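Take a moment to look over the chain and its fold. The report below starts with one term and then builds a picture from it.

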Amino acid sequence: MGSTTVASASGEAAGQAAGDSYLNLPAASPSQNSGDGQKLSQTANRQPTVARGEDSDAEYVNIGKVTFPRSVKVKKLAILPLIFLIFYDVSGGPFGIEDSVGAAGPLLALVGFLVFPFIWSVPEALITAEMGTMFPEDGGYVVWVASALGPYWGFQQGWMKWLSGVIDNVLYPVLFLNYLKSAIPALGGGWPRLVAALALIIVLTYMNYRGLTIVGWVAVALGVFSILPFVVMGLVAIHKLEPSRWFEVNLHDVNWNSYLNTLFWNLNYWDSISTLAGEVENPKRTLPKALFYALILVVLGYFFPLLIGIGALPVNRNLWTDGYFSDIAKMIGGVWLRWWIEAAAAMSNMGMFVAEMSSDSFLLLGMAERGMLPEFFGKRSRYGTPLVGILFSASGVILLSWLNVQGIIAMVNFLYCFGMILEFISFIRLRMKYPAASRPYKVPLGTVGSVLMCVRPTILICVVFALSSLKVAMVSLIFVVIGLVLQPSLKYVERKRWLKFSVSADLPDLDYSTHGSADTSMQ
């Protein structure tokens, strides 16, 4: 079979539909379309899904304007829940950043959380704002990469990002129980800890099943609860601050690997929200604003607690490890403040888990709607949530729970970097191929400026790769190879019709054609 395209009653109507497309490009002529294969359906009577064509290179070429009907009516995300979902995808609060002081000292820790966002977070957030509004649908960065580099690399992007997200989610039940074991010693190990971890995963998974709107407002409540104790701690500690402590530095005693991994892990994942773009109310306006406000919230949420914790007490770098903020709270405000911060840390891990699972599960749904995964991954529950995607993501968390904490952080960073390289390439490629395409939000830089914007984070990625241990690199590369083999294996399953694959007719069509001919016609 040939490619799936939107057919209209006349050439004039086809041209008008293409003019309103994501890319806002002129429609291909009938002679150009004829080589793409038989058109499968008329716009007026499209079915819920249409059969997908044979495997070939993918490209956003001719995308008609269509509505996005849903078999399940679901309330869309507003800007406030969206801000806090981004907050939890990226940060969740200052819990876990204590290692930056232990690894590099006060000054480098403070400077890192001010400078690093401009090296990494701002470019990633800007790219997410432009590409997420250009392609406002579930699947997010998978669709960006597929439109620029083809479906094979779009699948690799989805595989690596989903895997890094699932591995990342393994960490949060562990951290949640670590905060509780001081109050409940039985949770320190053995069967009680295992049962508690499984029960927590089941409860949070059920929350994701019940609806993204519920998850969003839970994120708001958890976010406020997690941020408030540090505001209180700052007010209590004002009279104890010694500014000279902020400038302590010893460049001869810096663990660069731990320092950079801590910064990177706490300031990435801005693109995760793109997999929920199809669930957002008016994403072309809401998404850029939410990213902007979330960026401010994340940076302040890291810098202010560090400023207070370092300035209020003499610095002993050996004490600055995970959970040290609760000890600082006790020394500054008393036991009550310590309990509040420990409770906030525990709740924050819950918020990060549900936000990450939402992004991961909707990613699988978006890939299924684009025909990259079997059709059953696109099944929604009666609450509008991706039922199979949630179950797969939760199962992945359970299966990978044997990983240790430091191994999790290093492996997540390694896999995440591979995906970001594909995003940078796709961002630049789409800028060069389709300079006049409709972009509701556009990064205010030309092609050269966009390339330069991506240079700094790319250098950082090379540094992360270089500092990774051989074990982390080998295990991560094995996962990458699995993805390289998995995509053609799924194509074989599709050709044999062992499982059903289809492209959702609720979405603008991807025109599958060769890169050469498409590039020529679009230019």
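## A term to start with

A residue counts as buried when its relative accessible area is under 20%. Take Glu-130: its relative accessibility is 0%, so Glu-130 counts as buried. Keep that cut-off in mind, because under 20% is the test for every buried residue below.

## The whole protein

This is a predicted model. The protein has 523 residues, and 57% of them count as buried. It contains 18 helices and 6 strands.

Now look at the contacts between residues at least 6 apart in sequence. Of these, 86% join residues at least 24 apart.

## The nonpolar core

The largest nonpolar core holds 146 residues. Which helix gives the largest share of this core? Helix α13, residues 335–369, supplies 16 residues. Several residues stand out for having the most contacts inside the core, including Leu-85, Trp-120, Met-233 and Trp-270.

Leaving aside residues up to four places away in sequence, Trp-270 touches Ile-86, Val-90 and Ser-121, among others. Its contacts also include Glu-124, Ala-125, Thr-128, Leu-291 and Tyr-416.

## Helix α5

Helix α5 runs over residues 106–134, which is 29 residues. At 1.5 Å a residue, α5 should span 42 Å. The C-alpha atoms at its ends are 41 Å apart, which agrees.

Where does α5 bend? The bend is at Pro-117, and its angle is about 50°. Of the 29 residues in α5, 21 are buried, so the helix is largely enclosed by the rest of the structure.

## Charged pairs

Side chains of opposite charge can pair when their charged atoms come close. How many salt bridges does a search of the whole structure find? The search finds 12.

One of them joins Arg-439 to Glu-130, with the closest N and O atoms 3.0 Å apart. Glu-130 sits in helix α5, while Arg-439 lies in the loop between α15 and α16, so the pair ties together parts that are 309 residues apart in sequence. Arg-439 has a relative accessible area of 9%, so Arg-439 is buried. Glu-130, at 0%, is buried as well.

Asp-138 pairs with Arg-380, and their closest N and O atoms are 3.2 Å apart. Asp-138 is in the loop between α5 and α6, and Arg-380 is in the loop between α13 and α14, so this bridge ties together parts that are 242 residues apart in sequence. Are these two partners buried or exposed? Asp-138 is at 2% relative accessibility, so it counts as buried. Arg-380 is at 13%, so it too counts as buried.

Lys-161 forms a salt bridge with Asp-271, where the closest N and O atoms are 2.2 Å apart. The pair links distant parts of the chain, 110 residues apart. Lys-161 belongs to helix α7, and Asp-271 to the loop between α10 and α11. Lys-161 is buried at 3% relative accessible area, and Asp-271 is buried at 0%.

Definitions and conventions:
Residues are numbered from 1 along each chain as its sequence is written. This is a predicted model: local features need pLDDT of at least 70, side-chain atom pairs count only at pLDDT 80 or more; totals for chains, interfaces and linings use all residues. Side-chain values use heavy atoms; hydrogens and water are left out. A nonpolar core is a set of buried Ala, Val, Leu, Ile, Met, Phe, Trp, Tyr and Cys residues joined through side-chain atoms within 4.5 Å. Buried means under 20% relative accessible area, exposed over 50%, partly exposed in between (1.4 Å probe, protein chains only). Helices (H or I, at least four residues) and strands (E, at least two) are DSSP runs, numbered from the N terminus. Contact means heavy atoms within 4.5 Å. The expected span of a helix is 1.5 Å times one less than its number of residues. The bend at a residue is the angle between axes fitted to the seven residues ending there and the seven starting there. A salt bridge is a side-chain nitrogen of Lys or Arg within 4 Å of a carboxyl oxygen of Asp or Glu.
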